[in-house]
Amino acid sequence: MTVKCEVFNNTRADVINKMRESIGVEKWDENIRFINLLRDTLREHPINNHPAISALNTGKVSKENLVKIHLEYRFAIVQIFTDALLMAQYQSRQLETRLKPGIKMYPRFLLNLNIFDEFGFKFSSNNQKYIGSPDYAHYPLFEKVLDDLGVGCIARNRYMPSKTAKRVRNYLEDSFYSYTSLIALLAVVEVEVMLFSPPLRYALQNIGLNTMDGYYYVHGTTVDNEVDATDDDHENDLWFTLAHACTKEDYVNIYEVSLKYCELWENFWDEQLKYLK
């Protein structure tokens, strides 16, 4: 009934081309070169080979410890991810001070592909319409994981997150008023999701939880045949959005906030290691 995000390829190509033309080919290409260098740097960051990944993949993590990790992860990013996406949509208004009127709709259109996914929509190739339900939105699906882990609403509301989880969350929330910083951090989040969703899914499977649908079924990459996920598409969309938005004056800040956010995520997973030994 549903298809992966490949159906949007022509849509993506069209809006990306419009974004490129709206700032000029020379400026676009310069920004893309900077972003490619940044992405190369991010691929070398220690977060990509964090020991928590291999620890989760051992399949020896207890249910109790997976509860603690998921409560931490919930606070650090899951609760506020759609807030951040919607804030990015809003802050695209910052483009209006230097680009033609109406240009903010190009990145909003592209970001909306991510938002549709997050909010529980899928495209039906049978009737060429969007179908879905808020029950399939990613945040409620994560709460369903906690249901399956036996965590009640009171326990969730009373949970006191670690300092590292607070720092990760606060750093993203503090970026809400800078369009370029926020887009860069959202791209970093997509990378983090692709790194840790598969091992978290595997760890849950090994305590008997069904992951053939739900939150972990919709997180990962388009090349993973075990899931229906498009986080790699969303990451690319965010980098293209950043290429449209940034100027040379933004490069240093974008580089610094991206590396800092990776460092905070590394610290977050360092903290989780105590539940993985």
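Predicted model: local features only at pLDDT ≥ 70, side-chain atom pairs only at ≥ 80, totals over all residues.
Student: Why are α4 and α12 called roughly antiparallel?

Tutor: Helix α4, residues 63-76, and helix α12, residues 251-272, pack at an angle of about 160°. Angles over 145 degrees count as roughly antiparallel, so α4 and α12 are roughly antiparallel to each other. Their axes are 10 Å apart, and the crossing is right-handed.

Student: Which residues make that contact?

Tutor: From α4 come Lys68, Ile69, Glu72, Tyr73 and Ala76, and from α12 come Trp265, Phe268, Trp269, Glu271 and Gln272. By class, they divide into six nonpolar, one polar and three charged.

Student: Now take α2 and α12: how do you know whether they are roughly parallel or roughly antiparallel?

Tutor: The axes of α2 and α12 cross at roughly 25° and come within 11 Å. Angles under 35 degrees count as roughly parallel, so that is the name for α2 and α12. Their crossing is right-handed.

Student: What makes up the contact between α2 and α12?

Tutor: On the α2 side you will find Glu30, Asn31, Phe34, Leu38, Thr41 and Leu42, and on the α12 side Tyr251, Ile254, Tyr255, Ser258, Leu259 and Cys262. The classes here are eight nonpolar, three polar and one charged.

Student: What is the geometry of α5 against α10?

Tutor: Helix α5, residues 81-91, packs against α10 at an angle of about 145°, with the axes 10 Å apart. The crossing of α5 and α10 is left-handed.

Student: Good. Which helix gives the most to the lining of the second largest pocket?

Tutor: That is α10, with four residues. The helices α2, α10, α11 and α12 each supply at least two residues of this lining. The pocket holds about 240 Å³ of space.

Student: Which residues lie nearest the centre of the second largest pocket?

Tutor: Leu42, Arg43, Asn48, Val191 and Glu235 do, out of 13 lining residues. The lining divides into eight nonpolar, one polar and four charged.

Technical notes
Residues numbered from 1 in each chain as written. Heavy atoms only, no water. Axes fitted to C-alpha atoms, helices over the stretch in contact; angles between N-to-C directions. Parallel < 35°, antiparallel > 145°, perpendicular 65-115°, else oblique. Left-handed = near helix turned anticlockwise from the far one by under 90°. Contact = heavy atoms within 4.5 Å. Nonpolar A, V, L, I, M, F, W, Y, C, P; charged D, E, K, R; others polar. 1 Å grid on protein atoms, 1.4 Å probe; cavity = no way out; pocket = protein on both sides within 12 Å on 5 of 7 lines; lining within 4 Å. Points joined across faces, edges and corners; volume = space filled by probe spheres on them.
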